[in-house]
Amino acid sequence: MGSIYMESLILAKSNLSYWLRQLRKEMALIGPLKGENNDIVFKTVENIHEIILDCPALIPSPKEFIFPQKEDMFRFSKDKVENLRNDKKRLIFGVRSCDISAIILFDRFYGEKFVDDYYMSRRNNTVFISIGCNNPDPTCFCIGLGSGPFLSLGFDIQFSDLGDRYLVEIGSTNGMDIVKKFIHLFSQPKKSDYDDQYEAMLSSQARFEKRINLENARQKILFEKVDDSFWEGVAKRCFECGGCVYECPLCTCFNVIDRKYSETEGIRIREWDTCMFRGFTKMAGNIWPADKKVMRTKRWYFHKLIYYPEQFGKFGCVGCGRCTITCPGRIDMATIAYRLKVGENERKAD
Ligand code: SF4
Ligand code: SF4
């Protein structure tokens, strides 16, 4: 993570490959690459020239690299416990501003009240280079949440694409560490570079098609009556596929499982869980606090719209728009927030 630092430099695009190649000698490099199905996914970079620099705004989040979908925690036997914590150094290039905003909240969730060593170990060994979004996707709504399209703090390094060069804003000591060894590749920005970045920001802001106000939805839930039939209608449309949770850069739930190899040996793993799955909260002895689908579905919106702001002063949504693309029931966050907005209180979700 590193402490806060602020400096801006210019990197010519022609110097990017060389810089990344040098950094890859010291740490694993992860970036947006073509996936097996011709989609774009974050993967370990073998060939720098394969990094997709002009990918669309809506690419999968890199959450997997700091909070893996399945993580081996420790191996145990009768005589010893072997910790499997991952502390490899990694650089993740090409991350979106909304995902950096999500990681900032993840850091608070897993690093404030209860410190999760597994998460923190990965996080402290990971440096992010994010790129401000010049072309938001039609489903993006980070602009209404202050979580994009460009950030003013919270990043390690933020790139702004200015055509033939990047304005490189360094926001943490970890970010500065990977710049200073190769400082000869960078130059000082001119006033015209800042002007160009400002133009890029204005132009990006003007392109947003969705302006979603989650505060309206929060107030509606807190201070006006939202009929139970509204949530029943939402639940009816949920297929319990978990797609929204798996795609969301801010969903943090996990389950812990012990797998035995033999009578005396085994491994403890954790894997993502979702409040949308039928068995969520089901415990031994058939104790099942959230046994009704409506309870589980409602919980997801309440967690993001009510409990997150209570605990962190921020919504549990950064407006990435991924659930809009993923949800087959069309009950994604943007749609529900729209339906909850002040003045639509009688409307049902079905
Ligand atoms: S709730 Fe939906 S729009 Fe919000 S951060 Fe999660 S996936 Fe993105
Ligand atoms: S993506 Fe939609 S249908 Fe699937 S679990 Fe989430 S809310 Fe339900």
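At what angle do helix α6 and helix α9 pack, and how far apart are their axes?

A: This is a predicted model. Helix α6 covers residues 214-223, and helix α9 covers residues 293-312. The two pack at an angle of about 90°. Their axes lie 9 Å apart. Angles of 65 to 115 degrees count as roughly perpendicular, so α6 is roughly perpendicular to α9.

Now the contact itself. From α6 come Leu214, Ala217, Arg218, Ile221 and Leu222. They meet Leu305, Ile306 and Pro309 of α9. By class, this contact has seven nonpolar residues, no polar ones and one charged.

Next, burial along α6. Leu214, Ala217, Arg218 and Lys220 are the buried residues of this helix. Viewed down the axis of α6, they fall within an arc of 160°, so they line one face of the helix. An α-helix has 3.6 residues a turn, so residues three or four places apart point the same way. In α6, Leu214, Ala217 and Arg218 are buried and also take part in the contact with α9.

What covers that face? The cover over the buried residues of α6 includes α9 and also α11, residues 333-340. The other side of α6 has exposed residues, Leu222 and Phe223.

Conventions: Residues are numbered from 1 along each chain as its sequence is written. Chains are lettered from A and ligands numbered from 1 in the order in which they are written. This is a predicted model: local features need pLDDT of at least 70, side-chain atom pairs count only at pLDDT 80 or more; totals for chains, interfaces and linings use all residues. Axes are lines fitted to C-alpha atoms, for helices over the stretch in contact, and angles run from 0 to 180 degrees between N-to-C directions. Helices (H or I, at least four residues) and strands (E, at least two) are DSSP runs, numbered from the N terminus. Angles under 35 degrees count as roughly parallel, over 145 as roughly antiparallel, 65 to 115 as roughly perpendicular and the rest as oblique. Two residues are in contact if their C-beta atoms, placed from the backbone, lie within 7 Å. Ala, Val, Leu, Ile, Met, Phe, Trp, Tyr, Cys and Pro count as nonpolar, Asp, Glu, Lys and Arg as charged, and the others, Gly among them, as polar. A residue is buried if 20 or more other C-beta atoms lie within 10 Å of its own, exposed if 12 or fewer, and partly exposed in between; C-beta atoms are placed from the backbone. The arc is that of the directions from the helix axis to the C-beta atoms.
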